[in-house]
Structures are given as structure tokens and as C-alpha cells.
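Welcome, and thanks for taking a look at this one with us.

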Amino acid sequence: MELTRRDALAALASTGIVVGAGAAALSHLDDRRAEPDVDVDTLVAVAEVLYPSEVTGVREFVETFVAGRTADRPDYRAGMADALAVVDERAERWFDGPFATLDREDRDATLRQLGADAIPPDPEGRPPGRVRYYVVNELLYAFYTSPAGGSLVGTENPIGHPGGTTSYQRGPDA
Amino acid sequence: MSQGDVDRTPSPRSDVCIVGAGPAGALVAHRLASEGYDVVVLEAGPRFDPDDRLERMERHIRPSHGPEDVWDMGGPRDAYTNAGEEHYPLNAARVKGVGGTTLHWQGMVFRLHESDFERRSRHGVGRDWPIGYDDLQPYYAEAEAELGVAGADDNPFAPPRAEPFPMPAFRPSYSDSLFAEACEELGIAMHSAPNARNSEAHDGRSACQGYGTCKPVCPSGAKYDATVHVAKAEAEGARVIDRVPVQRIEHDRSGETVEAVVYATPDGTEHRQEARQFVLAAGGIEIPRLLLLSRSTQHPDGLANSSGAVGRYFMDHLFAGMGGELDAPTRQKHVGFITSESHQFYDDVDESVGPYKLEFLNYAGQSPVNVALSTESEAAWGDALAEEIRDTYGNRIAMGGLCGQPPRAENRVTLDPDVTDDHGNPVPEIHWSLGDRERRTIEAANETQAAIMNELGVDVDWVTDAATTGPAFHHMGTTRMGTDPDESVVNPRLRTHDLDNCWIASASTFVTGGALNPTLTIAALALRAADAVDAEL
């Protein structure tokens with residue numbers, strides 16, 4: 001399954017980032033694509049571990065999503081940048097290279113050794129809790145509240161997504 | 001205008017002062033402001049920015065936030081204690097702010113049945129209301145028009161109605177169709193469930209967008225909440241002041257007329273708001289608390305409490321339910337509201353069992369994002385997580401139901417002298433327990449639910465029964481209505497027996513609570529109270 005920027009815009013609609021579906025919204029986000037603080041390469045590399053392996057187009061999805069999420073929210077951007085720095089620093093320490101350069105297995109191991117698989121998310125807590133909040137849950141929220149992520153597990157209108165009032169009436173074979 | 005610029009000084013010449021900007025207060029304010037009266041509404045909580053609703057929805061979905069965080073509840077302002085056999089989670093059960101608890105309500109709107117008003121004469125339980133369904137019927141119709149109710153006249157068990165619903169009902173869900181086959185086999189009738197939620201664009205608000213998070217937050221505004229009537233009241237000239245909790249009510253020398261309410265602003269300054277008439281609309285907990293806090297030489301047990309009934313007869317509805325897994329997809333969690341119910345057993349009341357209603361849920365089990373974000377899930381991420389979500393999400397199915405609780409004097413709201421809020425006032429202490437009657441009612445509901453689940457072939461893996469039940473967050477009965485001043489707090493016109501210009505618009509005036517969600521009845525009573533206040537002015 002290929003993710004697109006349009007999927008990312010749909011995901012943003014679940015997060016309080018108001019974007020229309022038109023070209024104006026896309027170009028608006030283009031202006032904000034390069035946020036200096038957030039290490040998008042690391043974020044994309046994390047997403048490639050978190051999302052099911054059949055998903056492609058992760059970079060485009062994540063770049064668009066994070067641009068919308070961090071625009072005009074300096075505190076949130078700082079929290080995410082800080083958490084990504086933690087991920088990268090641990091990758092360097094444990095696997096001798098930037099997180100984005102590691103293979104899937106070592107990325108997975110980095111996140112687990114950090115405790116990000118089991119620790120409760122906490123935006124103001126210790127580094128593992130912040131990684132779970134700003135990176136892991138951020139990316140999982142984007143994916144599983146979007147129709148793209150929902151469809152992969154059985155619903156084209158997951159909670160958090162404004163998917164209208166016809167899908168609930170449809171049976172599984174419709 | 002920024003928060004710092006808000007004028008929180010009293011209005012100089014108010015005809016009506018309303019305490020509380022939830023549905024009752026907002027409806028009364030709108031009605032009386034439309035009649036040309038000078039109306040001021042004092043609200044303890046803040047005015048929430050409608051642009052923040054998606055962020056509040058995210059707080060609801062993401063596990064790093066608790067349920068009280070969605071609408072900023074909790075802390076010293078909202079402190080309370082429990083003293084009864086059952087724990088009552090008060091701050092999960094209410095919202096303080098402009099719009100009140102309708103900000104997080106589900107939006108289910110039913111008329112009480114005729115029998116609910118005559119529980120004593122029909123079944124020897126509680127007391128009869130001093131008014132009947134006939135008295136409220138026109139106000140129910142007005143309330144449905146004001147809130148904007150989507151419904152269909154297909155419920156053979158509902159009380160009589162003279163007019164169509166303002167909007168067409170939401171269509172049944174796919175899972176309703178699964179239940180329908182089982183119910184047909186068992187001879188159980190299903191029907192639509194009226195919703196205060198737009199099934200089409202209505203009253204300047206959009207149709208439901210399907211976010212699926214109705215309770216506790218509707219980002220689209222398609223679900224009715226009382227900010228609708230706050231805005232309408234303000235357009236008619238009413239003044240609504242937020243963040244001004246009322247501290248006490250002050251009466252004149254005779255002790256028969258309220259002169260003013262004293263409220264505090266965020267910086268701690270106290271002001272007196274005078275008015276000709278006062279309407280208390282702060283819900284079934286804060287209204288009795290305020291009356292008890294306002295005791296005086298003439299009213300040593302609290303204001304309007306010569307009966308001793310203030311705070312007593314606290315009732316809620318009890319949840320009964322069960323759920324499990326079907327061996328086929330059930331298409332849950334697309335929307336967060338109910339489309340079908342059965343009220344077939346509602347009037348099978350006798351001396352030992354009360355009313356109950358059945359709900360066919362459209363939101364059984366966990367949503368994909370809930371599973372994904374929870375560190376309780378077995379799989380952390382990747383293919384294993386997607387597989388776990390497919391296993392846990394797709395085939396869940398569940399029923400709910402509400403069961404009635406009769407009024408009992410020992411279930412009550414008092415003041416806790418040992419714990420104070422951020423203004424130094426004793427906090428509400430909730431005394432709540434269950435009796436045999438509601439336990440038997442829950443058992444009856446469970447039996448019917450089990451028959452349906454069995455017929456449907458559901459592998460039931462959870463049951464909420466009499467041992468595990470909890471409250472539905474409907475605070476009723478604590479300033480009950482009656483004709484006898486020795487055993488009730490307000491008269492049938494909703495005015496307190498003891499004070500000639502103090503009115504109550506709230507579920508606190510309910511004499512019995514039936515087993516149906518109370519807000520439509522709250523709205524109907526508020527409109528009735530507004531007419532009575534209008535006549536007085």
C-alpha cells in the first residue's frame with residue numbers, strides 16, 4: 001500500500017491542523033516543509049519501523065504530516081526535535097551510526113533498548129517517555145487515525161477521522 | 001478581547017441572574033433575553049475556544065492524557081469527596097465551562113414515559129411527580145426543536161407525540177442489522193434512537209462528520225451542546241460571564257427573597273450580582289452544594305432547605321451491558337453514537353424491578369488507534385501491531401443499557417467540612433449506594449442481553465452486572481419537586497418553596513429518574529421554568 005501526501009493531509013485533519021483538501025493547502029505546506037529543528041530523516045526512519053512493511057511512500061507521508069504538525073507550534077516542534085535527538089544519540093552509542101543509516105533490525109533494537117515499546121508516553125518525562133510521546137505515538141496516531149492506516153486493519157473511517165456517516169451503515173462486503 | 005480584558009463586574013440592573021451556563025441555564029437565558037429582559041449568566045468554568053476541539057479530541061485518543069484533561073476538569077476548583085458505599089467519579093461525570101456537561105455528553109434525547117411521573121401510585125416506589133407527562137409534552141416538543149433532534153416516530157413504546165422530529169433519524173448501522181435478526185427471532189422490537197446531533201445541516205451547524213469521538217468531544221459541532229444557546233442568548237442581549245464561581249446566595253432581612261449572589265473572579269475579587277429573579281442551573285451536585293453553602297440565621301440548614309431535602313434523593317442511572325466476539329466483521333467505531341435501541345421492557349415495572357432500556361452499541365471494543373498507542377498491547381509496532389489490531393478490532397460487538405434507581409434519602413450530596421476548594425468552601429461529598437431494586441433491574445437487563453447475544457452467536461467475554469455496574473453520569477433528584485414544602489424543595493413551577501424569587505432548572509428537580517437519558521427532560525423543565533419566571537416578571 002502506497003501512502004501519499006493526500007493521506008498525510010487526511011491524517012492532519014485528525015490533529016487540529018486545519019488544512020483544506022485543495023492545492024492551496026498543499027502549497028501552504030510546501031512553504032513549511034523544511035523545519036530546521038526536526039530531523040525528518042530520523043523521523044522517517046522510525047516510521048519505517050513502526051508502519052507495516054507493506055506500506056510504501058512513508059517519506060512523503062511523514063514529511064507532509066510533520067510539516068503541518070509543527071508549523072506555528074514551536075514548543076511541540078522543540079519537543080519532537082529533542083526526542084529525535086535522543087533516538088539518534090542512542091543509535092550512535094549502541095550501533096555506531098546515525099539512526100537513519102541503520103538497518104530495520106537495528107532501528108527496532110534501538111527503540112526497544114530505549115524502552116519506547118513499553119514505557120507510557122509522557123511529554124514532560126524522562127527521555128524514553130518523551131520518545132514514546134513525540135515520536136512513536138505521534139507517528140502511530142498519524143497512521144491509525146487516517147483512512148489509509150485504518151483500511152489496512154479493517155476500517156476506512158477510523159476514529160479521529162471525519163469520514164462521514166455512510167461507512168457505518170455498510171457491511172463488510174459492500 | 002483577551003481573557004484579561006473581560007469585564008467581570010456585576011450588571012447594574014439585571015432582571016434575571018442565572019447560575020450556570022449548561023443546557024438549562026443557556027435555554028432559560030435565551031428564552032428570557034428574547035423576551036427583552038436583562039439577563040446575566042454566571043459560569044464557574046471557562047469559555048472554551050471552539051478552535052481547540054480537535055486538540056481536545058487528540059487528548060481523548062492519546063493515552064498520555066486522562067479523561068479529565070479533555071475539558072480541563074480536576075484540581076482544587078473541582079475537589080470532592082466520597083462517603084457512600086459506591087465510589088462516584090464526579091469529575092469524569094461533568095464539565096465546568098460555558099456549555100456545561102453537554103460539551104462531553106453523548107447526545108441521547110428521550111422523553112420520559114408517562115409511568116415515570118407516577119411511580120408511587122403505580123408501583124409504590126418513591127414519589128409521584130407533581131406534574132404529568134401531559135404537562136411536559138409541549139415543552140418536550142419545544143426542547144426537541146431547540147436542541148435539534150434527529151429521530152423517527154418508529155418507537156412503539158415511546159409516549160405520545162404530536163409532531164415530527166426536527167430532522168430525519170440517523171439510519172441504522174450495519175451491526176444493528178446483525179442484532180435485528182436475533183431480536184426478530186426473540187420477538188424483541190428494535191427502533192431508532194433520537195439524537196441531538198445533526199443528521200443534516202441544521203440551525204447553522206453542519207451534519208455529523210463521523211469523527212467517532214462524540215463522547216467526550218465533537219470536533220465538528222454537529223452534536224448539540226449548550227454553547228449553541230449561549231450564543232443565541234448573547235445575540236439577544238444576555239451577558240454571560242465565565243470563570244466566576246458563585247460562592248453563596250444572600251437573601252433580604254425577611255429571609256424570603258434572594259437579594260444577590262456573591263461570585264469570585266479569577267483574581268479572587270468578590271462581587272455581588274443583584275437581580276429581581278434568580279435561576280439556579282448548575283446541575284445536580286453544585287446546586288444543592290450552593291444552597292447548603294448559603295445557610296444563614298433564618299435558614300440554618302441551608303437555603304431553601306426547610307424540608308431537609310436539599311442534597312437528598314440523589315439518583316443516577318446504572319449501566320448494564322455485555323460484549324464479546326462474533327465470527328464475522330461487525331464494522332464498529334465508525335461513529336460514536338447509537339442508532340438503535342429497544343424500550344420494549346421499559347414499562348415492565350413492578351414492585352421489585354424498575355425500568356430499563358437496551359442499547360445496541362456502534363462502538364464495541366477498541367479502535368485501531370487505541371490499540372496502536374497503548375503500551376498494554378502485546379505488539380509494539382510494525383507488522384505484528386497491524387496483525388494484533390486486525391485480531392482485536394474487527395469482530396467486536398456489544399450491548400448496553402440503562403437501569404433506573406429509585407430515590408433514597410440516604411443517597412445524597414452534603415458538604416465535606418474537612419476539604420475545601422480553591423476559594424475555601426467545603427467541597428461536595430457524595431453519598432451513593434445501590435439497593436436491591438436496582439440490582440434486580442440490572443439482572444433483568446442482563447438476562448435479556450444474554451438472550452440476544454446467545455441468539456446472535458456471540459462469544460461473550462465481558463459483562464457489566466449488578467456487582468460491577470457504574471453510574472451513567474446523570475445527576476438527579478437533589479432538589480426535588482413537589483407540592484408539599486415539608487418534603488420537597490421546589491414547587492411544580494420550579495420555584496423554591498422557601499424563597500419567592502429563586503428558581504431551579506436542573507435534573508436536581510426530578511422526583512424519579514426513569515431509565516432514560518435526562519437532558520431532554522432538563523431542557524423541557526428549563527423552558528417551563530423560563531415561562532414561569534417570565535410570568536413572574
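Which residue's side chain meets that of Arg390(B) in a salt bridge? The partner is Glu54(A), with 3.8 Å from N to O. Please keep in mind throughout that this is a predicted model.

## Where the chains meet

Let's start with the interface as a whole. On the chain A side, 51 residues are in contact with 43 residues of chain B. Between the two chains, about 3,900 Å² of area is buried, and carbon and sulfur atoms give 59% of that.

On the side of chain A that touches chain B, the elements giving two or more residues are helix H3 (40-50), helix H6 (104-114), helix H7 (127-144) and helix H8 (147-153) of chain A. H7(A) gives the most, with eight residues. Sorted by class, that side of chain A has 25 nonpolar, 17 polar and nine charged residues.

## The second largest pocket

Now for an open space. The second largest pocket holds about 350 Å³, and 23 residues line it. Nearest its centre you will find Pro50(B), Arg53(B), Asp225(B), Thr227(B) and Val228(B). The lining of this pocket divides into ten charged, eight nonpolar and five polar residues.

Two helices of chain B, H2 (53-61) and H6 (227-235), each supply at least two residues of the lining. The largest share comes from H6(B), which provides six residues.

The side chains of Arg59(B) and Glu55(B) meet in a salt bridge, at 3.9 Å from N to O. Why are these two separated by about one helical turn? It is because Arg59(B) and Glu55(B) are four residues apart in helix H2 of chain B. Over all chains, the count by this rule comes to 53 salt bridges.

## Enclosed spaces

Finally, a look at the cavities. The structure holds three of 30 Å³ or more, and the largest cavity has about 170 Å³ of space. Its lining is made of 16 residues, with Asn155(B), Ala158(B), Arg161(B), Phe165(B) and Pro194(B) closest to the centre. By class, the residues lining the largest cavity are eight nonpolar, four polar and four charged.

Technical notes. Residues are numbered from 1 along each chain as its sequence is written. Chains are lettered from A and ligands numbered from 1 in the order in which they are written. This is a predicted model: local features need pLDDT of at least 70, side-chain atom pairs count only at pLDDT 80 or more; totals for chains, interfaces and linings use all residues. Side-chain values use heavy atoms; hydrogens and water are left out. On a 1 Å grid over the protein atoms alone, a cavity is a set of points where a 1.4 Å probe fits but cannot get out, and a pocket is an open set with protein on both sides within 12 Å along at least five of seven lines; lining residues have an atom within 4 Å of a point. Grid points are joined across faces, edges and corners, and a volume is the space filled by probe spheres set on the points. Ala, Val, Leu, Ile, Met, Phe, Trp, Tyr, Cys and Pro count as nonpolar, Asp, Glu, Lys and Arg as charged, and the others, Gly among them, as polar. Contact means heavy atoms within 4.5 Å. Buried area is the accessible area (1.4 Å probe) that two parts lose on being put together, summed over both. A salt bridge is a side-chain nitrogen of Lys or Arg within 4 Å of a carboxyl oxygen of Asp or Glu.
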